[in-house]
Amino acid sequence: MTDVVATNQTILVVGGGISGLTAALEAAECGKQVILVEKGPSVGGRVTQLYKYFPKLCFPTCGLEINLRRLKANRNLRVLTMAEVTAIDGEAGDYRVAVKLAPRHVNDNCTACGDCADAVEAEFDNEFDFGMGQRKGAYLPFNMAWPQRYVLDPRLIGTPDADKAKAACKADAIDLDMVEETVEMKVGAVIWATGWKPYDAGKIQPYGHGRFTNVVTNMEFERMLDPFGPTDGKIVRPSDGKAPTNIAFIQCAGSRDRNHLEHCSRICCMASLKQTTYVREQFADDVTSTIYYIDIRAIDRIDDFYRDVQADPNVKFIKSKVANITEDRDSHGLLLHGVDTEGYHRYSNPHDLVVLATGMEPSVPAGQVPGPVTGDEHGFVAADGAIFGAGCASEALDVNRAVQNATAAALRAIQVVNRVAATESRDV
Amino acid sequence: MSDDKKYGAYICTGCGLGERLDSTAQTNVASRDGKMGVVREHGFLCNAEGVQLIRDDLASGEVSHVVIAACSRRAKTEAFAFDDVAMARANLREGVIWSQPDGDEARETTQEMAEDYVRMACAEIKFMATPQGDPVSDTSRRILVVGGGVSGMTSALETARAGYDVTIVEKSATLGGHAATLQTRIPQQAPYREPEPSGVDELIAAIEAEARIEVRLNAALTSTDGAPGRFEVEIGTESGSTASERFGAIVMATGYTDYDMANLPELGAGKSPDVVDQAGFEALVKAADGGPIQCPTNGREAKHVVFVQCAGQRSDQEGHLPYCSGHCCLTSIRQAMHAQEAGASATVLFSDLRTPGAAGEDFYRAGQECGVTFCKGTVSEVLPGDDDLEVRYNDLILDEQTSLRADLVVLATGMVPNSGVDIDTIAAEENEEADGVAAGAEGTAQENTVTIPVESILNLKYRQGPDVPQLKHGFADSHFICFPYESRRTGIYPTGPVRRPMDMQQAQEDATGAALKAIQAVEGAALGRAAHPRSGDLSFPSFRKEGCTQCKRCTVECPFGAIDEDEQSYPLFNSSRCRRCGTCMGACPVRVISFENYSVETVGQQLKIVEIPDEFEEKPRVLILACENDAYPALDMAGMTGQHYSPYVRIIPVRCLGSVNLIWVTDALNNGYDGVLLMGCKKGDNYQCHFVKGSELAHERISKVDETLKTLSLEPERVLTHEVAITDIQRIPEIINDYMKTIEKIGLSPFKF
């Protein structure tokens, strides 16, 4: 049975992405007791799937390494992975929380040696790569996954593969009898940092994602750049695995649109601008990029990044919301149809790879949070409710702002537990 | 070395180490060469039983200093966590068996590698002590907030609500800053459809009602000295009196100055009073008091109001702002709504309308619904006419030059941060004077940055200058995407528009985050704990005064301005300002600076104990000093993913390349190493060095090694520096293997014994 020590002076952070990690670490480094609950098998979240950050073009795992070191060094912070908050009752200063722990089937004896992965045969779609590739049934989600412990896919349990994994493990780390359990704890403040998920591109019917092989989302495109990812780091046309020649980026795919997400996701313009630099990095002058946009939102002091990309002769900008895409069934080439609103010209432009700049929606919409939150009509959780929304759970934010926001959330939580502490010391 | 140190080495044979390596030989190395009093092997050192083995030795007093020869220092940290015990780890798993091919051919060189790493860990531990920390005595927990605008007031309130005392120092006679002049603000609450009351009065009332907050108006900082936990601040008032106060941390919320629209005559500024900036329009709305908005020239009703976005912004033209100020699109929408409400028609001319997020887009739609016209166009000229103004613009939709008549034109000009004195420019000028040459290459980012005449804000008595270093365009921001609050002056946190352009909601959120960082700095200082990125580190630098030559390199090179100088130019370390990167240690030519657990000796002894095969064995040795933040994790992951590299390298992690002292390089060459590779983070404008300048300084220092190499008749390739990233998991092994080919080409070092 998992034992979790917590009191109403403990801060609970829900979500182990960059916002949740930041909120948890910042509070813990102020000397507070913190429990971080992450639904997946490792911390790091959405940013670990990215190749580079704009505007510095630096690598997300660089910051993750620092955060992991902070985490390893801090005794005030306890992390529960494969854990999901199912109920939060009570009020600020006095919450009762139920957390459901899914079985990992690997205990903390695991040394991450990888023998179990070698032993099992079954493979599954790799969720880390949005199903673009496969992974083993016993796996480490990514190279820097922490806790550095393998996971057994629940679909393996009861199959001969499970026994093979167990037999291969010299560390006695595999526990096939592990079952789901629910732990209850008392906490004083809750930070809700469950982040975002990409809007389902399949819902944008005219763009053919899921029907046209060479239409991918911006997150799928990011995964192509990972040397350990589904295409070994190469930008390719999924139809034939060859290099594209003429890439289109469609902005606001499913965003700023009454039929889909009404809001602007803030990051997608910069993400596409950044992705054109990937294209240049890989192909120099051989491949062109065209960005179809409504407004380029390179907000505040990073606007110069936009101007640098504009200066690239291989990147073209067309002000247009693309009406629809058609595919040539033999070549899998694509035609983008629409009207260039600058000068009002109709176009039917050929491209051989289309990247949809899909936006963010909250992973857990406010209405589905099992506790007292204040939400807006888009499903974002208010930062200043009883439970504190943080990061992309509270608004569409870039990494820098999500961290800023999460740091603020940490202080709001500290205010609550410090109030509790003051009251309790008075009562004594 | 005192006698009470008792050394124990623990050799793990799990994870395939037992099969791939000869553990008996390692045990012999640890006791014979490493002189470890206790040496134990265990088949699974990180499990409960293995850890208990170590704990028992520690508890019985048989061992006080621990060597773990197992996996990387980055792995199994939760198992090998012994409080107040010095520990060195030999990386035999990721660094040896996983990075070397299995098989008879490689067995000998793999074993040599492992034995060397055991020797090195044993050498390191002898020079390590448990850091005791240097807590600030009598820590002040009071927070100083500089600036009484919305950012400053928010920081103060949020700090007070967490139970800390706060003092606000505001240079003007009132609280409120720019926001006090606003009629309304951009909505912060769903459904984000209408301008909201600015909330400034409520904020001021809350400040006045909060017993923990003290406000000093008409006041400024005339001197700031000390360090987190013990800042000594002189607060001067207009009347000339000064008060000395002690604070624990400082929030710098000094806001911005409106861009001077006089720089925009082509847009009619200065040519007609009916051309105003956003602040000017706000005043007109206020004066109208719900009635029609009147034109400043003759008081007639403004029936047509045109808002010109990005006026003097997002432009490389001289005198313009190169950046976007972030809030102006939303502000113009808000102001256009006021114009519509007052019976005027409002048109917004923009090139990219920037209304991000759910709030932004909802408010934009609300603006469209209330009748504001949005038109994509770039304004070329505003011409005053007899009765009104002509706004000439290029309509980007119709692709034609056209014009609009307007009674009133509002220029959406941007924000210029009040970040004080640019200390980097001063330092560059000083260098220029000192060197008698242009400092040019450093590029102090002054070009095309609008500067307003500045006085220092903090008046820091720090050796490196009176204010916080600035980033691009004069903003006092952090350079790190993941760590927006990492200013280069520990315990001083710029927030709000002085940090980056932002609207009020962003500023309030930012100010709340900055308040947390200030509280954290105070609590950390009280315990002697380092701030980010080595959070919690208790080690701190100390120096041997008798050896010091007062050369000032440490005080100049510290990326965080942590070291001052006394009257005789000896360094004065301020441990609560220090980030523990060791740049001072790397800078010191006489090697008098060290940390308890990281010093010239902890690394120097490791590289010296490596067995250097004689020239007839044809086994070269290359020393790699790898940044522990990026290069070393990448090397670990190279091992994890089965990338193999030469068995002839010996890798030592360093806190930052900035901490690399040249003596390590020369010692290595003198000891017969055939080459030295330094691997650190990216330098330059988009630097990724976590300690800002460490990587750059290392490159500079190494460039000077070339001279030394020449005098030793050694090839320049013997010492190379590489910029690598944590993602270079495949590239680093390639760099290593290519380098071994270079060594093969130039031949082994002549300095073998």
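The exercises below concern a predicted model with chains A and B, each with a worked solution.

Residues are numbered from 1 along each chain as its sequence is written, while chains are lettered from A and ligands numbered from 1 in the order in which they are written. Local features need pLDDT of at least 70, side-chain atom pairs count only at pLDDT 80 or more, and totals for chains, interfaces and linings use all residues.

**Exercise 1. Confidence**

State the scores of the model and find where in chain B the pLDDT is below 50.

Solution. Next take pLDDT, the predictor's confidence in each residue, from 0 to 100. Its mean over chain B is 94, and 97% of the residues of chain B reach 70 or more. The pLDDT falls below 50 over residues 437-447 of chain B, a stretch that has 11 contacts in the model beyond near neighbours in sequence. Two residues are in contact if their C-beta atoms, placed from the backbone, lie within 7 Å. Where pLDDT is low, the predicted coordinates should not be read in detail.

**Exercise 2. The contact between chains A and B**

Determine how many residues each chain gives to the contact, and which element of chain A gives the largest share.

Solution. Chain A gives 64 residues and chain B gives 70 residues. Elements are DSSP runs numbered from the N terminus: helices (H or I, at least four residues) and strands (E, at least two). On the side of chain A that touches chain B, two or more residues come from each of α1 (18-28), α2 (60-73), α7 (303-310) and α8 (399-427) of chain A. The largest share, 13 residues, is that of α8(A). By class, this side of chain A has 26 nonpolar, 18 polar and 20 charged residues. Here Ala, Val, Leu, Ile, Met, Phe, Trp, Tyr, Cys and Pro count as nonpolar, Asp, Glu, Lys and Arg as charged, and the others, Gly among them, as polar.

**Exercise 3. A residue of α8(A)**

Classify R401(A) as buried or exposed.

Solution. R401(A) lies in helix α8 of chain A. A residue is buried if 20 or more other C-beta atoms lie within 10 Å of its own, exposed if 12 or fewer, and partly exposed in between, with C-beta atoms placed from the backbone. R401(A) is buried because 26 other C-beta atoms lie within 10 Å. From C-alpha to C-alpha, R401(A) is 7.6 Å from G391(A), a residue 10 apart from R401(A) in sequence.

**Exercise 4. A sheet of chain B**

Give the strand order of the five-stranded open sheet in chain B, and identify the helix that packs on the sheet.

Solution. The order is β9-β6-β5-β13-β23 (chain B), with parallel pairing. Two strands pair if DSSP finds at least two bridges between them. At the edges, β9 (213-216) and β23 (492-494) of chain B each pair on one side only. The twist averages 20° from one strand to the next. Strands β5 (residues 143-146) and β13 (residues 249-252) of chain B are joined over four bridges, and L144(B) has I250(B) in β13(B) as its bridge partner. The packing helix is α12 (residues 504-527) of chain B, which touches β5, β13 and β23 of chain B and makes about 165° with the direction of β13(B). Axes are lines fitted to C-alpha atoms, for helices over the stretch in contact, and angles run from 0 to 180 degrees between N-to-C directions.
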